[in-house]
Amino acid sequence: MDIVLERRHDITLEAARKVAYDGARVRLGATALAQIGRARSAFERLIEEPGIVIYGVTSGYGQNAYQRFTPEERRTHARRPPLAAQAHWGEPFPERAVRLMVLARLANFIEGHSAVTPALAQRVAAMLDGPLPAVPLDGAVCAGEILPLSWLFGPLAKTVELKEKESLSLINGAPMAAALVTDGALVAERRLAVAEEILALAAEAYKVPLAHFSVRTAELQGDPHEIAAAKRLAALIAGGTSERRPYQAPVTFRILPKMIGRLRRDLDRAQEAARISLPQVSDNPTYFPPEDDSSNGEIHSTGGYHNSAAWPALNALAMAYADLTTICDRIVARMLDGATSGLPPQLIPADAEESRVYLGTLGFAVVGYGEAARRAAQAVFIPGSESGGFVQNDVAVPTALAWKGQEDAGRMLDLCLGAVAITAARAFAVTGRAAPPALAETLAWIERSQSADGSQTGPGRLSGEVTEAIRARIYG
């Protein structure tokens with residue numbers, strides 16, 4: 001499957017989904033290649049203008065920006081691959097995120113704003129055809145994204161004859177931020193769908209009053225995301241038991257439309273940041289190709305490589321995940337307390353001869369998952385110390401840290417959802433009830449995911465197996 005890009009705004013969330021999850025390849029169309037070629041020709045004329053100063057092209061990088069190159073020095077400087085910026089090491093980003101970085105990199109190229117040659121632009125697009133370099137995550141914090149991007153594009157740079165500005169165009173800008181907020185949004189969209197099903201199943205197992213998910217109530221409160229959550233929960237439990245609790249359920253269940261609505265709101269924020277960031281021109285310096293042959297265009301030094309929307313959106317997702325682990329913790333505790341849940345004691349069998357796995361200790365682990373999620377979800381800010389230690393690069397971007405936080409908090413939420421799932425499934429089993437029609441397949445895959453049976457198994461194995469099934473649905 002090929003995606004053909006003719007202009008920047010062809011790089012959409014849907015294209016990103018295909019590249020990240022479906023292995024789609026990318027090709028540059030004829031219109032894009034023609035524009036890239038015209039822009040490169042005009043740029044080559046521009047750099048020959050007397051006295052022209054272009055950062056990283058006719059001058060040095062970073063603390064050496066004061067340097068001015070002769071034409072020969074300029075060409076020699078251009079041929080150096082960007083290996084000096086490979087300054088960090090450690091755990092790599094997952095390949096799906098790296099694929100998104102390559103896709104987002106093309107936004108600077110397509111309409112000529114990076115002034116690269118058509119040949120280099122095509123080589124970058126072709127990187128999505130095969131295995132990609134490992135890009136370290138740990139320490140990927142700097143002014144812009146030159147550290148991680150040098151790992152991503154360094155191997156390519158060593159195989160081509162780079163021309164003026166091309167090395168800088170490979171590693172400048174903010175394609176990593178665009179990729180990471182897009183990845184966070186794509187994952188959150190899938191995680192939300194699974195979470196809604198499992199939390200609705202637990203609410204049905206608890207026989208919550210239907211009024212708790214009243215769309216009319218949500219409409220009175222006026223939040224569109226909470227209204228959508230209430231509609232979804234009500235639809236999922238429609239056709240369930242007619243024997244509801246005669247009095248209100250605990251707060252945990254009553255606020256599910258609000259808590260799920262909060263995740264929907266933060267997902268919407270991440271999607272908006274992704275839609276803006278993916279086709280964004282973020283190069284420094286940014287080239288403005290001429291509209292005709294009357295000029296050679298203009299070039300501006302910019303702060304485009306500093307994406308200020310990505311990390312706050314990722315922070316918000318991490319916090320939403322962490323708070324939902326608390327909801328999961330309370331649900332497990334309430335369901336295992338027969339005195340308040342009204343569920344029979346077989347939910348946590350006390351008889352040593354009982355064949356069902358004992359679930360009474362499950363809450364301990366869920367508390368641990370929640371604590372880990374809250375640590376992971378600590379908000380990140382612009383680092384307080386200088387990036388690079390010299391005047392040019394004096395503010396760093398914490399996007400990689402924010403992405404790692406939401407990734408880790410999300411994993412803890414998945415573990416908590418696994419615990420809720422096996423507890424809810426047990427409740428349906430011991431009461432002999434069927435799930436509502438919209439949740440029948442949800443209950444079935446939860447039960448299929450549990451390979452273990454018998455009293456010699458601990459609940460961690462069962463919840464872990466369900467968690468793996470949850471994560472396969474999110475990341476598969």
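What is the volume of the largest pocket? In this predicted model, the largest pocket has a volume of about 860 Å³. Its lining is made up of 34 residues, and those nearest the centre of the pocket are Tyr55, Tyr61, Gly62, Ile146 and Asn393. Two elements give two or more residues to this lining, namely helix H6 (146–157) and helix H7 (166–171). Of the elements, H7 gives the most, with 3 residues. Sorted by class, the lining of the largest pocket holds 16 nonpolar, 16 polar and 2 charged residues.

Leu103 is placed in helix H4, which covers residues 95–110. The relative accessibility of Leu103 is 0%, so this residue counts as buried. Leaving aside residues up to four places away in sequence, Leu103 touches Leu5, Ile11, Ala15, Ala16, Val19 and Val26. Between Leu103 and Gly464 there are 361 residues of separation in sequence, and the C-alpha to C-alpha distance between Leu103 and Gly464 is 34 Å.

Thr252 belongs to helix H11, formed by residues 251–254. Thr252 has a relative accessible area of 9% and is therefore buried, the cut-off for buried being under 20%. With residues up to four places away in sequence again not counted, the contacts of Thr252 are with Ile327, Arg330 and Ile331.

Notes: Residues are numbered from 1 along each chain as its sequence is written. This is a predicted model: local features need pLDDT of at least 70, side-chain atom pairs count only at pLDDT 80 or more; totals for chains, interfaces and linings use all residues. Side-chain values use heavy atoms; hydrogens and water are left out. Helices (H or I, at least four residues) and strands (E, at least two) are DSSP runs, numbered from the N terminus. Buried means under 20% relative accessible area, exposed over 50%, partly exposed in between (1.4 Å probe, protein chains only). Contact means heavy atoms within 4.5 Å. On a 1 Å grid over the protein atoms alone, a cavity is a set of points where a 1.4 Å probe fits but cannot get out, and a pocket is an open set with protein on both sides within 12 Å along at least five of seven lines; lining residues have an atom within 4 Å of a point. Grid points are joined across faces, edges and corners, and a volume is the space filled by probe spheres set on the points. Ala, Val, Leu, Ile, Met, Phe, Trp, Tyr, Cys and Pro count as nonpolar, Asp, Glu, Lys and Arg as charged, and the others, Gly among them, as polar.
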